[in-house]
Amino acid sequence: MNQKNLLEVDWSQIPAPKDDGAADHLKGALIPPIGLVATDDTSVTLAALKGRSVVFAYPRTGEPGKISLVDDWDMIPGARGCTPQTCAFRDLFAELKAAGAQHVFGLSTQSNAYQTEMASRLHLPFPVLSDEKLELTKALKLPTMEVAGLTLIKRLALIIDDARITQVFYPVFPPDRNAGDVLEWLKKNPA
């Protein structure tokens, strides 16, 4: 099965990821001082940011009209839904900021060039960070999956306060509800 529309997904037809414990070590961890290139042509060092940041990570966004990375992409638990997750953060961006998020970022291992096209196409009001070299992924031991010879970050979201991870959302399913879950947490846990 391959659902061609990137935004309209029947989540009942998609296998949900299971909590494999791969993110258990993240809550309370310090963010390492690693600079990542962003879609707004800056370098972002999450460890240097003051205040509260929201970082949501995903395996990879698709491109309309392009074939999937692998034929069974939709059947890999946690793979499908990067565009709906990203668009949900876009749509709730103002509310996330109003609830205390000084910064909001997307994060994947895709190249900055790929992400810049996607950020423009989806009209994102926040930058997306590229960890193409897997520096942050390896330093934090983020949960990953191997698909078609690529190392991809499993879908998750982090709340970071002054370089320390204070909340982890993992696993995330369905992806289009992740931004709403983060928003509810922010409202209940002011910085």
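**Note on the sheet and cores of a predicted model**

1. Ile 159 stands opposite Gln 167 in strand E9. The two strands concerned, E8 (residues 156-161) and E9, pair in the antiparallel sense over five bridges; strands count as paired if DSSP finds at least two bridges between them. Helices (H or I, at least four residues) and strands (E, at least two) are DSSP runs, numbered from the N terminus.

2. This is a predicted model, in which local features need pLDDT of at least 70 and side-chain atom pairs count only at pLDDT 80 or more, while totals for chains, interfaces and linings use all residues. Residues are numbered from 1 along each chain as its sequence is written, and side-chain values use heavy atoms, with hydrogens and water left out.

3. E8 and E9 belong to an open sheet of seven strands with mixed pairing, in the order E2-E1-E5-E4-E3-E8-E9. Its edge strands, E2 (43-45) and E9 (164-169), each pair on one side only.

4. The largest nonpolar core has 28 residues. Such a core is a set of buried Ala, Val, Leu, Ile, Met, Phe, Trp, Tyr and Cys residues joined through side-chain atoms within 4.5 Å, where buried means under 20% relative accessible area (1.4 Å probe, protein chains only). Helix H5 (178-188) is one of the elements that each supply at least two residues, and H5 gives the most, with five.

5. Val 182 is among the residues with the most contacts inside this core. Leaving aside neighbours within four places in sequence, Val 182 is in contact (heavy atoms within 4.5 Å) with Val 54, Phe 89, Leu 96, Ala 157, Ile 159 and Phe 169.

Terms used
Buried < 20%, exposed > 50% of the residue type's maximum accessible area, 1.4 Å probe, protein only.
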